[in-house]
2 protein chains.
Amino acid sequence: VIALLNGRSTGEVPVVDRGLAYGDGLFETIKVIDGCAQFLTEHLARLSRDCLRLAMQLDLTNLRTEIAQILVAADSGVLKLIITRDATTRGYQASPGAAAQRLLIFFPQHFPPLDPLPSGIQVRLCRQHLAEQPSLAGMKHLNRLEQVMARSEWSDPNIAEGLMMDRCSRLIEGVASNLFLVRAGTVYTPRLHRCGVAGVVRDLVLHKMASDCAPVFETDLMLDDLVAADEVFLSNSLIGIMPVLKIDCLHKMRGDVTIAFQQCFQKLCLQESIANECR
Amino acid sequence: VIALLNGRSTGEVPVVDRGLAYGDGLFETIKVIDGCAQFLTEHLARLSRDCLRLAMQLDLTNLRTEIAQILVAADSGVLKLIITRDATTRGYQASPGAAAQRLLIFFPQHFPPLDPLPSGIQVRLCRQHLAEQPSLAGMKHLNRLEQVMARSEWSDPNIAEGLMMDRCSRLIEGVASNLFLVRAGTVYTPRLHRCGVAGVVRDLVLHKMASDCAPVFETDLMLDDLVAADEVFLSNSLIGIMPVLKIDCLHKMRGDVTIAFQQCFQKLCLQESIANECR
């Protein structure tokens with residue numbers, strides 16, 4: 001594991017860090033292929049937007065330099081950015097205009113080739129629900145105990161992901177992914193204004209891929225919609241677009257719409273790597 | 001700032017700590033007077049209970065030794081314990097039976113004398129609400145962005161604390177304290193099964209002080225109850241029992257019941273320091 005804190009090579013963060021004390025910060029999980037950070041522009045745009053919401057001052061120029069510095073030495077793996085609010089004193093009150101601490105961690109990891117496209121995974125429905133908190137909804141912040149609790153519900157390695165609902169039994173997302181249901185050729189994904197993380201690939205599905213593949217709408221989705229769905233898929237930065245074949249005892253097919261989004265995503269990745277002159 | 005991580009003197013924690021990554025852990029804020037940790041038994045009991053809820057394996061024997069080690073060198077201040085789940089890999093899934101990391105931080109601080117009893121503080125009502133999450137309610141866990149957001153609503157140093165409600169406008173607690181309303185000689189404090197932190201002093205009020213002072217009941221409390229209250233007070237480990245004299249433009253008196261709890265708490269502190277042979 002290679003790590004940089006504000007540009008300095010380190011394996012540790014100060015004990016008074018507000019990310020540790022309160023989860024007062026944000027993170028990004030970026031797929032790195034052959035030293036190239038996938039959808040870096042989109043990740044940094046999301047990070048900047050969420051920093052604004054938390055009133056954190058992020059030095060994006062330095063962050064970009066540090067990312068480049070890590071990528072030079074990196075092959076394939078996961079680049080994790082953790083941005084936390086600087087602490088000067090104890091207690092919840094933050095210093096006005098406190099600078100954001102930039103922690104970059106690179107975890108080497110081998111990814112399977114994109115071709116053939118993955119056929120799909122088995123998931124489960126989690127008992128742990130997501131609380132509704134509009135002022136934090138959508139952000140990829142560091143308060144993730146709900147996800148930790150949900151992920152602790154199973155250890156079967158055949159189950160790749162869990163689906164989470166809110167208290168009103170609305171489907172929201174996977175523990176570490178966004179959710180899409182296909183019905184009659186149209187794609188639906190949960191609205192994330194009450195809870196959930198607005199993923200970078202979800203955003204690509206909504207705003208870059210929909211026009212080429214199938215219409216995508218944000219809406220409230222219930223269990224009935226999951227049962228009625230023709231196809232189900234998940235997205236995140238590491239798995240891309242992933243078909244769901246089984247949810248507990250409910251079976252689904254990897255259908256044409258899901259395959260179209262998988263192909264579309266593959267094309268997007270390829271275009272991006274050419275545009276960014278990835279080695 | 002003096003800090004120990006698993007018994008080792010340090011100023012830093014590993015970048016892969018799950019406390020930083022996900023807020024996957026707990027904390028305690030303990031008042032230290034002349035090298036003596038106030039209500040340590042109660043703090044460790046709460047910590048142990050919450051560790052069970054999070055399925056974290058805490059080595060209490062080592063923790064006690066480390067606390068003693070820090071207190072030897074300590075005068076007055078705040079002892080913060082941060083207990084996080086050990087990380088071996090990236091991702092939400094925890095290693096089964098992962099040991100809890102023990103971080104102890106001592107912040108030197110001078111406290112005003114207990115005599116005369118504090119006359120009271122001014123507080124405000126926060127716009128930021130608390131989300132309902134029964135599976136985390138009551139615990140002093142590290143997911144504290146709601147409190148950070150609430151505390152960022154004001155900078156006026158005359159306002160000592162903010163009161164927080166849930167989405168249904170039920171009063172729950174202060175940003176860093178528990179809330180008590182007095183009406184007709186009886187004390188009411190919000191139930192904390194949906195959200196909120198079950199404070200150590202709140203527990204003392206309910207289970208040790210009530211019998212000597214006034215009956216205390218846990219119930220749902222609304223803004224109307226705050227308006228109708230004869231007296232209002234807050235509690236936490238650093239302020240003890242603190243009368244509230246003003247909530248925005250609403251004035252309150254420090255009445256007999258609040259004074260009785262202040263005196264009772266003072267007596268409890270004294271008894272405890274004698275029983276523990278504090279220097």
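**Salt bridges**

Mentor: D24(B) and R18(B) pair up through their side chains in a salt bridge, 2.9 Å from N to O. By salt bridge I mean a side-chain nitrogen of Lys or Arg within 4 Å of a carboxyl oxygen of Asp or Glu. Keep in mind that this is a predicted model, where local features need pLDDT of at least 70, side-chain atom pairs count only at pLDDT 80 or more, and totals for chains, interfaces and linings use all residues. Residues are numbered from 1 along each chain as its sequence is written, chains are lettered from A and ligands numbered from 1 in the order in which they are written, and side-chain values use heavy atoms, with hydrogens and water left out.

Trainee: Is D24(B) buried or exposed?

Mentor: Buried, at 0% relative accessible area. R18(B) is buried too, at 2%. The cut-offs are under 20% relative accessible area for buried, over 50% for exposed, and partly exposed in between (1.4 Å probe, protein chains only).

Trainee: What does R194(B) meet in a salt bridge?

Mentor: D220(B), at 3.2 Å from N to O. R194(B) is buried at 15%, while D220(B) is partly exposed at 27%.

Trainee: How many salt bridges over all chains?

Mentor: A search of the whole structure gives 24.
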